[in-house]
Amino acid sequence: MSETGTPSAHPADRTGRRAEANGRAGETPPLEAIGLHRTYRGVAGPELHILRGLDLALARGESVAIVGASGAGKSTLLHLLGALDRPSAGLVLVGGTDISTLNDEAAAELRNRRIGFVFQFHHLLRDFTALENVAVPALIRGDDPAGAKSRAAGLLRQVGLGGRLGHKPRELSGGERQRAAVARALVNEPLILLADEPTGDLDADTSGDVQDLLLEMKERHGVALAVVTHNRELAAKADRVLRLREGILENV
Ligand SMILES: Nc1ncnc2c1ncn2[C@@H]1O[C@H](COP(=O)(O)OP(=O)(O)OP(=O)(O)O)[C@@H](O)[C@H]1O
Ligand SMILES: [Mg+2]
């Protein structure tokens, strides 16, 4: 960014530097992290400095795999990117808006509208059907129930669960539960999809299917996908692979 001329309104300018996305010049990236730090203050032990000035930018429709040793800080990073946690320093911009200082209520609203999450475990509500589970984020947003359910049904068909709309989580296979979790993550048409070990609990064949589904849905819905994984097969399918090491991301 130019240091001269009229002041830019971009909040990243406060840090004096800015990560550039691979996307078209001038297009606001769906997700940027700038100079992210996260320290954990140990109750008994020393302070842990997990993220140390990390930068990341994702373009629309881009997929990035984040790999790294256990304990490197991958989940910590994903929680910051998804407004589930706040950085000790640095910025997280979603669609150009700084989310690192939102209060709890504003963070919850942002997560509901702009961010889709898929975790290692499906986190579906056990007493609700697949259809109801997928519709929940849309109902929370305030959509009318008929519209929410019809969109949920459409997404469940896209993930191959058109014949399982009325099944409760216990009546779905492990892979089907993750498919439903992917549908739920997309129901409010988020800007970004964050996945933390989404296939970590699945056998190899099912894992491959869910990997392909994630990338297919990323493409179809034009979201930016950041996926944390220990799975080499999944990492190899992403546009870019980044390794989290010593608190920053390096190209692999
Ligand atoms: N709330 C917390 N308080 C204190 N320390 C924490 C907290 N959360 C995570 N840590 C520490 O931060 C480090 C990074 O944890 P994180 O869960 O981000 O690792 P990870 O890269 O996701 O590992 P894995 O691959 O095993 O899931 C770990 O050493 C962990 O013990
Ligand atoms: Mg983790």
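**Close-up views of a predicted model**

**View 1. The shell around ligand 1.** Tyr-40, Leu-48, Ile-50, Gly-68, Ser-70, Gly-71, Ala-72, Gly-73, Lys-74, Ser-75 and Thr-76 surround ligand 1, a residue being near a molecule or strand if its C-beta atom, placed from the backbone, lies within 6 Å of it. This is a predicted model, in which local features need pLDDT of at least 70 and side-chain atom pairs count only at pLDDT 80 or more, whereas totals for chains, interfaces and linings use all residues. Residues are numbered from 1 along each chain as its sequence is written, and chains are lettered from A and ligands numbered from 1 in the order in which they are written. The shell around ligand 1 is made up of four nonpolar residues, six polar ones and one charged; here Ala, Val, Leu, Ile, Met, Phe, Trp, Tyr, Cys and Pro count as nonpolar, Asp, Glu, Lys and Arg as charged, and the others, Gly among them, as polar. At least two residues of the shell come from each of β2 (48–58) and α1 (74–81), and α1 supplies the largest share, three residues. Helices (H or I, at least four residues) and strands (E, at least two) are DSSP runs, numbered from the N terminus, and the chain has seven helices and 10 strands.

**View 2. The open sheet of four strands.** The strand order in this sheet is β2-β1-β4-β5, and the pairing is antiparallel, two strands being paired if DSSP finds at least two bridges between them. β2 and β5 (97–98) stand at the edges with a single partner strand each, so one side of each is left without a neighbour in the sheet. Helix α1 packs on the sheet, where α1 touches β1 (31–40), β2 and β4, and the direction of α1 makes about 125° with that of β1; axes are lines fitted to C-alpha atoms, for helices over the stretch in contact, and angles run from 0 to 180 degrees between N-to-C directions. Two bridges join β4 (residues 89–94) to β5 in the antiparallel sense, and Val-94 has Thr-97 of β5 opposite.

**View 3. The open sheet of six strands.** A mixed pairing pattern is found in this sheet, whose order is β6-β7-β8-β3-β9-β10. The edge strands, β6 (115–118) and β10, each pair on one side only, and the twist from one strand to the next averages 25°. β6 and β7 (residues 192–196) run parallel and are joined by four bridges, with Ile-192 in β7 as the bridge partner of Ile-115. Four bridges also link β3 (residues 63–67) and β9 (residues 240–245) in the parallel sense, where Val-64 has Arg-240 as its bridge partner. Helix α1 lies across β3, β7, β8 (224–228) and β9, at about 155° to β8, while α5 lies across β6 and β7, at about 170° to β6.

View 4. Val-252 lies in the segment after β10, and Val-252 is exposed because 12 other C-beta atoms lie within 10 Å; a residue is buried if 20 or more other C-beta atoms lie within 10 Å of its own, exposed if 12 or fewer, and partly exposed in between, with C-beta atoms placed from the backbone. Beyond its neighbours within four places in sequence, Val-252 is in contact with Val-67, Val-241, Leu-242 and Arg-243, two residues being in contact if their C-beta atoms, placed from the backbone, lie within 7 Å.

View 5. Just after α3, Gly-142 has a positive phi of about 105°. The largest nonpolar core holds 68 residues, and Ile-66, Val-134, Leu-156, Val-182, Ile-192, Ala-226 and Val-227 have the most contacts inside it; such a core is a set of buried Ala, Val, Leu, Ile, Met, Phe, Trp, Tyr and Cys residues joined through C-beta atoms within 7 Å.
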